[in-house]
Amino acid sequence: MTYARRAWIILWKDLLIERRAKEHANALLFFCVLLLFLFQFALGPDRDRLAAAVPGLLWLGFILAGLLGLGRSFLGERENDCWEGLRLTPGDKSAIYLGKLAGNCVLMTAVEIILVVLFGVFYDVDLWTPAAPLALVLALGTIGLAAVGTLFAAMTTQVRARELLFPVLLLPVQVPVLLATVSATQALLLGQPLADVAHWLKLLAGADLVYVTIGLLTFEFVLEG
Amino acid sequence: MTRALGWLTVLGLVAGLAAGFGYAPREAVQGNVQRIMYLHVPSVLTAYLAFVLVLLGSIGYLATRRAGWDRLAAAAGEIGVLFTGLTIVSGSIWGKPTWGTWWTWDARLTSTAVLFCVYVGYLLLRSLIEDPEARARYAAVVGIVGAVNIPIVHFSVKWWRALHQPSTILGPERSPIDPAIGLALFVNWVAFTLLFAYFLSRRMEIARLEEQT
Amino acid sequence: MPSNWGYVFAAYGIAAVALLSYWRHLARRTRALTRPRPAAKTRAA
């Protein structure tokens with residue numbers, strides 16, 4: 001069985017489980033709606049203040065949703081005693097990481113689309129005009145978040161206080177991604193061309209490459225035991 | 001051996017204090033507050049040294065599975081957090097009379113704060129896993145991610161800062177030009193490195209003893 | 001330019017306290033582990 005096929009099987013399995021059970025998707029969707037309220041109430045009725053904060057709030061929303069969604073990446077395997085099955089898979093274990101990463105990216109992208117739409121509607125922000133470059137920033141940021149998130153999720157699934165440890169480990173590492181994506185998003189929403197944020201995009205691309213590479217190289221060590 | 005290192009460290013620290021307070025001149029613009037730099041800069045350099053060693057220990061452990069590498073990573077991580085904390089506190093105290101506030105989101109302080117959080121998380125992870133083998137493995141992965149992330153954090157924070165505020169002409173980031181200041185800085189840096197080596201040696205010994213119980 | 005020695009001493013003072021405390025912490029743990037009788041239950045490293 002080829003490497004790509006093994007990764008694909010993991011992705012397909014997770015998507016199938018999600019489609020049948022729908023627990024994750026519904027809860028996360030509702031969580032996004034709640035975030036909308038949370039941010040509005042935290043910042044007060046001033047429309048301009050909210051509009052100015054949108055880039056940060058958008059990514060804050062992604063990260064909060066990401067912490068919930070990513071942290072549970074391997075919970076299914078853990079709770080259903082499938083961890084051994086993962087461990088005993090023949091061949092390169094990093095295929096599992098890739099499959100899980102792809103699944104998480106799909107999940108995160110769904111959340112992002114929902115949040116972007118909700119923000120556009122409820123906060124009266126024009127997210128349609130810069131849609132294409134914004135999508136690029138979203139994609140790069142998502143990969144960065146999911147790459148480290150998937151790796152750490154595999155680790156913390158087996159540790160005490162996992163709900164606390166996962167964010168504590170993930171958030172400091174994600175600071176560069178957050179800074180880059182928020183800065184780039186802010187520039188794009190102000191109407192600046194993509195060329196102006198090229199350095200941020202390069203940083204994100206570089207960081208993504210580093211994170212995914214480390215994930216691929218070290219996942220087998222996380223999977224043991 | 002560690003004893004000798006300990007005494008050498010004391011010597012170094014005394015020399016460092018003498019250099020910082022006696023030999024180095026009063027800085028023209030900031031006054032005596034600038035002397036905190038002899039504490040602040042060696043602290044951050046030592047912290048970086050520590051985290052490089054965490055990286056080495058982490059890679060070494062995953063490559064060889066020998067516990068010695070993990071002991072290195074654990075010890076270096078703990079001491080690194082200590083010196084990072086010192087860097088932040090000294091930087092903050094330096095900032096108050098210089099810039100008027102206890103905290104500014106300038107590039108170095110922000111990066112250092114992020115560094116601090118990363119490695120506190122590292123220590124937290126270690127404290128939550130009892131099985132030594134799993135602990136070493138997981139810590140190694142986090143140690144590698146954390147260390148490799150340092151330059152990425154550095155650049156992102158630097159560019160982020162450039163967006164929001166022009167870099168201050170004065171302030172701790174400016175490199176010293178006066179050779180006397182440079183020498184005092186060097187002496188203190190050597191002293192701190194010796195102190196780090198001494199702490200590392202003792203902390204690794206403790207880890208080794210703990211494994212035997 | 002005011003003298004600001006207070007800040008300097010505060011910074012060095014805190015550093016001294018922190019480093020000395022850590023040194024004592026190391027010394028205590030070493031003593032506990034090298035006592036001839038089995039030592040008290042130690043925390044994980």
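**Chain A to start**

Reply: Happy to! Chain A has 9 helices and 0 strands, where helices (H or I, at least four residues) and strands (E, at least two) are DSSP runs, numbered from the N terminus. This is a predicted model, in which local features need pLDDT of at least 70, side-chain atom pairs count only at pLDDT 80 or more, and totals for chains, interfaces and linings use all residues. Residues are numbered from 1 along each chain as its sequence is written, while chains are lettered from A and ligands numbered from 1 in the order in which they are written.

Me: Thanks. What scores does the model get for ipTM and pTM?
Reply: The ipTM is 0.89 and the pTM is 0.89.

Me: Back to chain A, then. Is it compact or extended for its length?
Reply: Its radius of gyration is 18 Å, close to the 17 Å that the globule rule gives for 225 residues, so chain A is as compact as a globular protein of that length. The radius is taken over C-alpha atoms, and the rule is 2.2 Å times the number of residues to the power 0.38. Along the principal axes, the C-alpha atoms of chain A fill a box of roughly 55 × 35 × 30 Å.

Me: How much of chain A is buried?
Reply: Buried residues make up 44% of its 225 residues. A residue is buried if 20 or more other C-beta atoms lie within 10 Å of its own, exposed if 12 or fewer, and partly exposed in between, with C-beta atoms placed from the backbone.

Me: And what share of its contacts join residues at least 24 apart?
Reply: For chain A that is 82% of the contacts between residues at least 6 apart in sequence. Two residues are in contact if their C-beta atoms, placed from the backbone, lie within 7 Å.

Me: Where does helix α8 of chain A kink?
Reply: At Q174(A), shortly before the proline P176(A), with a kink of about 50 degrees in a helix that covers residues 162-189. The bend at a residue is the angle between axes fitted to the seven residues ending there and the seven starting there. Just after α8(A) comes G191(A), with a positive phi of about 95 degrees.

Me: Nice. Switching to chain B: how many helices and strands there?
Reply: Chain B has 6 helices and 0 strands. Its C-alpha trace spans about 55 × 45 × 25 Å along the principal axes.

Me: How far does helix α2 of chain B reach?
Reply: α2(B), residues 37-64, reaches 40 Å from its first C-alpha to its last, close to the 40 Å expected for its 28 residues. The expected span is 1.5 Å times one less than the number of residues. R65(B) follows α2(B) and has a positive phi, near 60 degrees.

Me: I'm also curious about P151(B). Where does P151(B) lie?
Reply: P151(B) lies in helix α5 of chain B. With 13 C-beta neighbours inside 10 Å, P151(B) counts as partly exposed.

Me: On to the interfaces. How many residues of chain B are in contact with chain A?
Reply: 27 residues of chain B are in contact with 26 residues of chain A. On the chain B side, the elements giving two or more residues are α4 (107-128) and α5 (132-164). The largest share, 18 residues, comes from α5(B). By type, that side divides into 22 nonpolar, 4 polar and 1 charged. Here Ala, Val, Leu, Ile, Met, Phe, Trp, Tyr, Cys and Pro count as nonpolar, Asp, Glu, Lys and Arg as charged, and the others, Gly among them, as polar.

Me: What about chain B with chain C?
Reply: That contact takes 27 residues from chain B and 22 residues from chain C. The chain B elements that give two or more residues are α3 (67-99) and α6 (179-212), and the largest share, 9 residues, comes from α3(B). This side of chain B divides into 14 nonpolar, 5 polar and 8 charged.

Me: Last one: what is the mean pLDDT of chain C?
Reply: The mean is 81, and 73% of the residues of chain C reach 70 or more; pLDDT is the predictor's confidence in each residue, from 0 to 100. Where pLDDT is low, the predicted coordinates should not be read in detail. Chain C has 1 helix and 0 strands, and 18% of its 45 residues count as buried.
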